[in-house]
Amino acid sequence: MTTEHTRPAGPWIVGKTAPGDPDVVLYCFPHSGGLVGEYIRLGRELPGVQVYGIALPGRGGRAAEPGLTDIAELVTALLDDTRFSGPFAFFGHSLGALVAFEVARELRARGRELPTRLILSAYPAPHLPRAFPGLSSLPDHELTGAVHDRHGGIPAEIAADDSLMELLLPALRTDFAILENYRYRPDEPLPVPLEVLGSDQDTVTAGQLAPWSRHSTAGTRTHRFTGGHFYFREDPAALTATLRSVLTPGRPTDAAEGHRRPAPTGPDTSPAKERSTMDAPDRSLAELVEAAAPGAQVPHAPDDGRHACDGPVRSDAPARAASPEEAVLPEAEPPSPRTLLDIFRATVAEHPARHAIDDGTSVLSYASLAAEAEAGAERLRTHGIGVGDRVGVRIPSGTAHLYVAILAVLASGAAYVPVDADDPDGRAERVWSEAGACAVFEAGGALRLRDGVPPRSVTGTATPDDDAWVMFTSGTSGRPKGVAVTHRAAAAFVDAEELLFARSGLVDSGDRVLAGLSVAFDASCEEMWLAWRNGACLVPAPRVLVRAGAEICPWLVERRVTVVSTVPSLVELWPAQAFAGIRLLVLGGEACPPELAHRLADHVEQVWNTYGPTEATVASCAARLTRTDTVRIGLPLAGWRLAVLDSDSRPVRWGEVGELVIGGVGLGRYLDAAVDAERFAPLPGLGWPRAYRTGDLVRAERSGLVFLGRADEQVKIRGHRIEPAEISSLLAAHPAVGQAYVRAVDDGDGPYLVAYAVTGEENIAELRAYLAERLPAVMRPAVIVPMTTLPLATSGKLDPRALPAPAFRAPENLAPDSPKTTQEIVTHAWRSVLKAEHVGTDDNFFDVGGHSMLLVQLRRQLADLLDLSIPVVELFAHPTVRGMATYLEGLRAGA
């Protein structure tokens, strides 16, 4: 029996109602100045779909009505007159996509039925800024020219007809006024699937389309076509094939009803190729270069609030596509392969005279920095050092020499192997031996050749497949694990962050970027390349100042720092005034507490939370922090693959908890081939050839992953990833120790390491000295507990639950009227802060469990006890009880 479908009443809906009940009704919203006739005609090729157009005031049959230039007013008028019901979807092209989106948001606000799907074509994600200033008021010929520049022009047959142009131009003015007046209102994502359509020759770029994904909790797919802004005029069959697959996927199609969607396998040689994947469309390096070229015209303003997965669609899709219920995050194709030197040289060419580095003593322009780096590279080449070699870098922080040395190594074709200047000599040599470093850049830029490691004597330029750096993480075997990262991965990270931050205008050549992290910590690469990718100035800070907490704040203001990448535990110490000039703050290395995220959101223009192990090149995903209860680590960077797996290596469902596994372009490799094969094993279930199992537990949420903690004993202390087993192995190797076990304890003041050693009390001081010679300060136990034996479970294995809590008896309060020396006061404060029974007058604060956070607490106690204003920097400079007491006596005498 045939029934008649009736369309909603009102002046807004146009189109002929077909007999019968459709599978779905599609409402089409027109482009700027456009009519809906060409969209309605698409219905002829869409069996089972009833197509109607949305007729806007001021054009077509409603030309006599005044146009509405405020989108809120337009949406209100439409919904006051129109009721949508039954299975229906919205399609909007260009301006129509924005109107369709706002109509859907208003439907939700009114508690009315929502469309089953939003199909949004050729319009940037609505939260991105737009550049339409004054177009609505341009003279006719200039307005026509602006349309040509943006979208390829008005069709010749229309432009040649004065009467048609008379009708078109007022509608164009109205629509440009809508765009000029539009202000995005932040709101929760829609529970509606999004289909985002774009083309490879449009001025609306792939990077502007990808962030639509943040506006849906039901998933986003991106479809790419060949052609210009009106790609469907060139080949309507490609669009209708996509619409059929989206709207009526189960309905059979024969030749009489139109063309099938291109087959998903094999090359597509048709003129209009359509590609589809989840969440992120194609973007070529050529677009990046063109947009950065001097004098280039950028059709839209820089993107704002860019989504973490912005970037091109991957061409090497997984062998098995994940089902919608499986927690495999949408992936985006990485930027085109290149090296860090390619990036640096492009910046030098574009900004030769701009400041590249300013350490407070010397300022180098990009041209000067390039010249100094090349001079350093030539020194290396004269010793036969080049492609395939590795060169250590150990230079004090806060100096331009440090960063010149890193660039010199890269320019030579070698990979750099950084060691913190404060690390023990023994550890530094072990790192360089493990890496096979043939030379080391040391303080002042001095070059030392290492005995027994001859260079390869390979000349030439590094390729994307050559290593850029080797960095070391804590290892369970007792040896630090070396991770090599190629130029391909490093440059992909830099370019992916450019999509994330720089393309949204958050970093540019006028910025000054803090360089405060140890170069042995891979997050330092983010500092360097946030500056050098974008022509900004790198501003190195001495580590002693960075660790001094709030005392760095006047320095940040004085040095005009605008961009900071650091760990949350340092930022927690900064007062509100420290953020006055900072417009971008990037956090990483450790979990960010929600209360800190709330505070920062009030003081910094944009705060981003990143996550990523050293094994996957600095950061793998990111999320913008706002004043919400949930702190997310977000969605993958372009080129990175993320999945959340259960104990059987199968994807969990959305909303469930599992282990985070990383794949894609950012994967490094362990120097130890056996460890590499184990930790970077393939993931056959998803078709990933290599995957890194992080050991981190996350909750899989479509709007961004939530970090929950470790699945093993690995811990994060002040941003550093620590394997307690490495310290246990080292401690057990001492002749005075029978067995050893190290674990992290957190009693409310942050985690610290406790070592349990089968040894005598008389050996504790010797063991501290032994560890201080071999471990960086962050890996040294704050407490060493002597034991006669370690407790065992019935299985014969160590029973960590039976280990005693670290014994600590708080020092008695100092009597106000009792005579006490400054040294006694300092000793009392040390014992209180370090929770130590005994401290020696010549103990180094950082050797007996102290760190920068505890030093801030110590400063507060001493300031109260001595009624003095004490700079934390001076406590760093006097790290023993004796030295600190001597300094404070002098300070008291001068007070």
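The model is predicted, and every value given here is computed from it. The largest nonpolar core has 93 residues, while a second, separate core has 43 residues. Strand S21 is largely enclosed by the rest of the structure, because six of its six residues are buried.

**Nonpolar cores**

- Within the largest nonpolar core of 93 residues, the residues with the most contacts are Tyr416, Trp469, Trp529 and Trp532.
- Helix H13, which covers residues 400-412, gives the most to this core, contributing eleven residues.
- Leaving out residues up to four places away in sequence, Trp532 touches Phe344, Thr347, Ala356, Tyr366, Leu369, Tyr403, Leu407 and Leu538.

**Strand S21 and its partners**

- Gln606, Trp608 and Thr610 point one way from strand S21, whereas Val607, Asn609 and Tyr611 point the other way, and all of them are buried.
- S21 pairs with strand S20, residues 584-587, in the parallel sense over four bridges, and in this pairing Val607 of S21 is the bridge partner of Leu585.
- Between these two strands the chain passes from S20 through helix H20, residues 594-601, to S21, and this β-α-β crossover is right-handed.
- S21 is also joined to strand S22 by four bridges, and these two strands run antiparallel; here Arg624 in S22 is the bridge partner of Trp608.

- Among the residues of H27, Val881, Met884, Ala885, Tyr887 and Leu888 are buried.

**Buried residues in loops**

- Ser94 sits in the loop between strand S4 (88-93) and helix H3 (95-109), and its phi is near 60°, a positive value in a residue other than glycine.
- With a relative accessibility of 5%, Ser94 counts as buried, because buried means under 20%.
- Val618 also has a positive phi, of about 70°, although it is not a glycine, and its place is in the loop between strand S21 (606-611) and strand S22 (621-624).
- The relative accessible area of Val618 is 8%, so this residue is buried as well.
- Arg559 belongs to the loop between helix H18 (553-558) and strand S19 (563-566), and with a relative accessible area of 11% this residue is buried.
- Setting aside neighbours within four places in sequence, Arg559 is in contact with Asp358, Asp359, Gly360, Arg512 and Val539.

How values were computed
Residues are numbered from 1 along each chain as its sequence is written. This is a predicted model: local features need pLDDT of at least 70, side-chain atom pairs count only at pLDDT 80 or more; totals for chains, interfaces and linings use all residues. Side-chain values use heavy atoms; hydrogens and water are left out. Buried means under 20% relative accessible area, exposed over 50%, partly exposed in between (1.4 Å probe, protein chains only). Contact means heavy atoms within 4.5 Å. Two strands pair if DSSP finds at least two bridges between them. A crossover is right-handed if, with the strands pointing away from the viewer, the path from the first strand over the helix to the second runs clockwise. A nonpolar core is a set of buried Ala, Val, Leu, Ile, Met, Phe, Trp, Tyr and Cys residues joined through side-chain atoms within 4.5 Å.
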